[in-house]
Amino acid sequence: MSEASPAKAYALHLGAIALLFVLSFLLPEYYHGVLARIMVLAVFAMGYNMLFGYVGLLSLGHAMFFGAGLYGAGLAVIQLGWSVPAAFGAGLGCGAVLSLIIGLLALRTTGVAFMIVTMMFAQVFYLAILYFAAWTGGDQGMVVPQPARVLSFGATSLDLTNPTVRYICALSLFSLVLLITLAIVRSRYGRVLVAIRENEERTKMLGYDTFSNKLAAVVVSGTICAASGAAYALLFGYVGSSFASVQYSILPLLWVLLGGAATTLGPLIGTLFMYYVIDVTSGYTSAYLLIVGIALILLVLFFPKGILGSIRQRWLGWLP
Amino acid sequence: MTDKNGFFDLSKTTLTRRNALKGLAAGAGLAMAPGFVRYSQAQSSAPIKIGFQSHRTGIGAAYGRWYEKTTAAAIKAINAAGGINGRQVEVIIEDDGTDPGRGAEVVGKFATQHKTDIVFGTLFSHVVIGSAPAAGEAKMPYFVVSEGHHVASTKLNRYVFQPGITDVKSQIQSMAPWIAANAGKKVTQIFPDFAFGYDHRDYLPPALKAQGAEVIAQIAIPPTESSFTKYFPQIPAETEVIYHVMVGPAVLTFVKELGEFYGSNRPQLFGFIDSLEATDINSPGLEFLDGSHFWEGSPRYAQPDDSAAQKAYRAAVGIDDNGAAVGDPKDVSTAAHMFGCWETLYVVKKAMEDAGYKGPEDRAKLVEATEALKEFAEGPEHPQGPKTFNGKIHQCFGIQNISKVEGGKLKVVHKTKIEDGLYEAEGDYTTQAL
């Protein structure tokens, strides 16, 4: 894999962001709304990719980080009456603290044990949501009231339920996380993460504290996922336990695998692809998950590195 | 009924987006005018489009299938009688996977791609709650058939209605007088440890207390549990009635193990048929339920005193005297709930006619016309029974049935009054802006 010059890499990513911005004006109404949702979910996938793609740690519990952001922001608005920025901050804080704690405990394991431990913690988180139903709304979830979903700057206020505002907010978050991800993976720290993925013992031998680096990656990954969850609660107005279920731990893994693990834009492509496969096939058959499964099998067989990963492998070796 | 999907169907959607681009629209206005006139003329005779948010897959699939059958039958009857405001009605189905996230996406799809006039038909509470914000933001009237208390709680928004089926709070409240008078005064509740169970946990004790009875124990069973024997010793010995609302596949095991625990000397049993919707009451293991009582919204089995409207409804939907699909006795329906689809569609018809509804621009009028409705008389449009409607909380109130398992069938032994299920309104949707 050759390295792209900084200008080339940033130009590609800024171009992608510009394209998404332009699409805001061109897309039909339905796809405009869908893309806003996909960008928020792609942030979840980018957070997952940070750990899975670059550090090689396969977690089956990232729904808890998404859920931490979702409930951290949602409950702050619903139960405490906080403003949107404060609630978003609360969501991020919940995700950061939770990922730090989970990282400290789960990183004592590796491989299959890491998968199981993260899945078990996520299950505890999910069941805790059900157990504290009086505050969380249990399995039914809660609505974030429409009047509370307003972003105020002095005398100006932006209604997050407005499709254009929502799209721009989703794009802003997506762009910020994309550029942060790109900066991290191109940094010295990012190279250490890849080194850990490739050969942890050798990285240790070279003098790096792999535990601290992995812990930082878990926190960054968990916080990004929480940002996605917080944005979902505030932009789409629903906080529910299904988003913390095991299904939502597996989904980002699939999105990343589809788009291309350890590629910065792969998570977006994977999320987009998966969304439309479900959206289109569910209109023709109730066995649409079978089609999704077949599509995944074919991809794994013929494009084991995912869509963007395969493109990088075969044609564009410089893709970050 | 048709399924429609338009992948990047620009013909349906570009107009709205172009309107958003005012600068371009100013220049394009003249060129577009002839087409727009044609569209306006066509609209008066174009079908009314109802988006049906169906649980085709996921945990609600058994309900979803029967909700679709009932909806198809109602639409066929409505169209045969001239449609709504002289226009035929078309139903567009989208599967929500019984998932709240997908549910919200589906409501968005109905609003912005299919451009339906309303969205209808959702059952599972978490999907309703997850989808309600999307409906409110799109200003899309959203008629659910869920029986959850979420609509009447006034925690959702002004566009969400439940006019065709009573809510669980009302159902529980109206069961209490019969339980206290006929089954026993000391009640132990066994319920699943999630929201459906919590409604029963929270609403039954005060309702029984008002009738001079009491809940002496509440046993919550985790949804992941597959064996129940260990919970039964928690049932107090003085229990006169076991009130059970277990749902899901584990219910057969639950009943079987309860039978093994008590043998022939059991307390009275009272349950909600939700546990056994789409399940044959004569399934192996359910023998223990013989002689027990169930709540039913609408009776599964044909009753000797069925009204002509009830008979016609059953025939139209295609269920036999045992509540199974005509020609397939094993395909048991969700009769206690699915009538809500039929009745809701007739409420929509009435409200659209009252509002003089012409198209999506009249959605606010439709909301107000629905809120203005007061009562629905028993008849072909409301075969389950008469109902009143509270426009402030967007919820109907009706009669309930209590049925006894007898000879492998459910026989209605008591019908409650509408008043039994009335309660104080918890808010007022009509104060919210449209």
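Tutor: Two residues are in contact if their C-beta atoms, placed from the backbone, lie within 7 Å. Keep in mind that this is a predicted model.

Leaving out residues up to four places away in sequence, Leu234(A) touches Ala73(A), Val84(A), Ala87(A), Phe88(A), Val144(A), Arg149(A) and Leu160(A). Leu234(A) also belongs to the largest nonpolar core, which has 211 residues. The residues with the most contacts inside this core are Leu234(A), Val43(A), Val107(B), Tyr142(B) and Ile179(B). Helix H2(A) gives the most to the core, with 18 residues. In soluble globular proteins, nonpolar side chains tend to be buried together.

Domain 1 of chain B covers 44-166 + 339-397, and domain 2 covers 168-296 + 399-421. Their C-alpha centres lie 30 Å apart. Across the boundary, 12 residues of domain 1 are in contact with 11 residues of domain 2. The domain 1 side holds 5 nonpolar, 6 polar and 1 charged residues.

Now turn to the two chains. Here 26 residues of chain A are in contact with 37 residues of chain B. Helix H2 (residues 29-52) of chain A supplies the largest share of the chain A side, 5 residues. By class, that side has 11 nonpolar, 12 polar and 3 charged residues.

Next, look at one residue of chain B. Thr166(B) sits in the loop between strand S5 (160-161) and helix H6 (168-183). Is Thr166(B) buried or exposed? Thr166(B) has 25 C-beta neighbours inside 10 Å, so this residue counts as buried; the cut-off is 20 or more. Setting aside neighbours within four places in sequence, the contacts of Thr166(B) include Glu147(B), Gln171(B), Cys396(B) and Gly421(B).

Strand S5 leads us to the sheet. In chain B, 5 strands form an open sheet, in the order S2-S1-S3-S4-S5, with parallel pairing. Strands S2 (89-95) and S5 each have a single partner strand, so one side of each is left without a neighbour in the sheet. Strand S1 (residues 48-54) pairs with S2(B) over 7 bridges, in the parallel sense. Within that pair, Ile48(B) stands opposite Val89(B).

Methods:
Residues numbered from 1 in each chain as written. Chains lettered and ligands numbered in written order. Predicted model: local features only at pLDDT ≥ 70, side-chain atom pairs only at ≥ 80, totals over all residues. Helix = DSSP H or I, 4+ residues; strand = E, 2+ residues; numbered from the N terminus. Buried ≥ 20, exposed ≤ 12 C-beta atoms within 10 Å, placed from the backbone. Pairing = 2+ DSSP bridges. Nonpolar A, V, L, I, M, F, W, Y, C, P; charged D, E, K, R; others polar. Core = buried A, V, L, I, M, F, W, Y, C linked by C-beta atoms within 7 Å. Domains from an automatic or database assignment.
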